[in-house]
Amino acid sequence: MNIIYVQSYPVYHDLIDENEFAEIANRDKWMPALTSQRGFPSELWAGGHRAMQTEWQYDNLPSLPVRIFETDQSDGKSRNHTSSTLVEAARESGASLFVLKGIDGGIGVQLAKQVLIPNRIPYAIVIGGEWYHPIVKHAKAVLYETDYQFQQLTRRSIRFWRTVVPENKLIRLPKSVDIRHFAPDFETSKTHDIIAAGRLISNYKNYDALFELSRRLKVGVIGGGPMLPRLRRTYPEITWFGPVSYSEVPDYLNKGKLFFHSGYRDHYPRTISEAAACGVPPVAFSDVIQKDVIPDAIGLRVSKDNFISEITSLLENSNELSRKSAAARSYAEKNLHHLSSLPAIREMITRVRPSRKASA
């Protein structure tokens, strides 16, 4: 049984190039590497501006083949971009199982509709921000990250096209990060009260809370994007660090006393796990992020009406801030290390392992 993990979004969707994608150590890489270690040869496929083949190595895990296929578009929303060369390679791969990372990315949807569903090739889906797409109903397993996603996937809806996902298809997957890379740095000065991170784009993110906080607190933002020049001009009191390489992200996270996720749509951005691993207590809106994502012991879930006061109170309480910082790191060490994905991988393989090899 051989398995191919596929990124539904192209690598440049996260404003990185193919080389940086190939070097990053994250869950998208160690899940297939851990799968290979369990005796099921695996690869990682993605789309990019150019084709590329390489190998990725982490710790004592098996070397992971990484293939990047050229996408077919250069404009429009990057999440909708597809790759005909990836689809053709999938047809010829003879893989027994595909695992799609991302539920609504063009690459994953195209692969499911053109190859996997018509040829009855088993596939699983790892869901992130978006939690439903019609291809879900054909998946053999759905790996979810939050209680909110579980509730949405299993509840009945008035939308006739939305299929309820049976609970026996759902598998909880930790939002693991590289806790050796993302770690506290006690030599880095806490130069900012608040650190935030993300792609600076207009149609998805919300920055209003950061603007309000910057009137009273020192705020820094990690990330680039089309809005960066205008934001720098409009809000010069905020430190706009701009694009930061993966290797340097922990250095910038450690500059903050708190990490603030100000978005209204993402229910578990990876940066929350990265900040927690750095011992920087994460903060988010309580009606967006639930307690299973930010437990009270490691961070703060605030109201949209009183968030400035709640954040300021925590910053002024140095003992509580230190307790949450230590608890956040301990939580990451216990729950978010790279091996935390193993139970979900085992369960996925057990549920979807075909009785005979599927073929295109």
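This is a predicted model: local features need pLDDT of at least 70, side-chain atom pairs count only at pLDDT 80 or more; totals for chains, interfaces and linings use all residues.
Residues are numbered from 1 along each chain as its sequence is written, and side-chain values use heavy atoms, with hydrogens and water left out.

View A. Helices (H or I, at least four residues) and strands (E, at least two) are DSSP runs, numbered from the N terminus. Thr-71 has a relative accessible area of 9% and is therefore buried, a term that stands for under 20% relative accessible area, with exposed meaning over 50% and partly exposed in between (1.4 Å probe, protein chains only). Leaving aside residues up to four places away in sequence, Thr-71 touches Pro-10, Tyr-12, Gly-47, Gly-48, Thr-82, Ser-83 and Ile-107, where contact means heavy atoms within 4.5 Å.

**View B. Phe-40 in the loop between α2 and β2, together with its contact partner Thr-35.** Phe-40 counts as buried because its relative accessibility is 13%. The C-alpha atoms of Phe-40 and Ile-3 are separated by 6.8 Å, although these residues are 37 residues apart along the chain. Residues up to four places away in sequence not being counted, Phe-40 touches Met-1, Ile-3, Thr-35, Ile-349 and Arg-353. Thr-35 itself belongs to helix α2 and, at 0% relative accessibility, counts as buried. With the sequence neighbours up to four places away again set aside, the residues that Thr-35 touches are Ile-3, Tyr-5, Phe-40, Ser-42, Ile-345 and Ile-349.

**View C. The buried residues of helix α12 (residues 342-352).** These residues are Leu-342, Ala-344, Ile-345, Met-348, Ile-349 and Val-352. They lie on the same side of α12, because they cover an arc of only 160 degrees around the axis, the arc being that of the directions from the helix axis to the C-beta atoms. An α-helix has 3.6 residues a turn, so residues three or four places apart point the same way. The elements against which the buried residues of α12 pack are β1, α2, β5, β6 (123-126), β7 (141-144) and β8 (170-172).

**View D. The buried residues of helix α3 (residues 84-93) and the glycine that follows this helix.** Leu-86, Val-87, Ala-89 and Ala-90 are buried in α3, and they sit on the same side of α3 because they cover an arc of only 165 degrees around the axis. Packing against these buried residues of α3 are β1, β2 (42-48), β4, β5 and α4 (106-116). Gly-94, whose phi is positive, near 70 degrees, follows α3.

**View E. The largest nonpolar core and a second, separate core.** A nonpolar core is a set of buried Ala, Val, Leu, Ile, Met, Phe, Trp, Tyr and Cys residues joined through side-chain atoms within 4.5 Å. The largest such core has 91 residues, and those with the most contacts inside it are Leu-143, Phe-260, Ile-311 and Met-348; helix α12 gives the largest share of this core, six residues. The second, separate core has 32 residues, among them Val-87, Leu-111, Val-115 and Leu-116. Phe-260 touches, beyond residues up to four places away in sequence, partners including Ile-194, Leu-213, Phe-285, Val-302 and Ile-311.

**View F. The largest cavity and its lining.** A cavity is a set of points on a 1 Å grid over the protein atoms alone where a 1.4 Å probe fits but cannot get out, and lining residues have an atom within 4 Å of a point. Grid points are joined across faces, edges and corners, and a volume is the space filled by probe spheres set on the points. The structure holds two cavities of 30 Å³ or more, and about 70 Å³ of space lies in the largest cavity. Its lining consists of Tyr-5, Val-6, Gln-7, Arg-27, Asp-28, Met-31, Val-99, Leu-100, Lys-101 and Val-126, with β1, α2 (27-37) and β5 (97-101) as the elements that give two or more residues. By class, this lining has six nonpolar, one polar and three charged residues, where Ala, Val, Leu, Ile, Met, Phe, Trp, Tyr, Cys and Pro count as nonpolar, Asp, Glu, Lys and Arg as charged, and the others, Gly among them, as polar.

View G. Most residues other than glycine have a negative phi.

Conventions
On a 1 Å grid over the protein atoms alone, a cavity is a set of points where a 1.4 Å probe fits but cannot get out, and a pocket is an open set with protein on both sides within 12 Å along at least five of seven lines; lining residues have an atom within 4 Å of a point.
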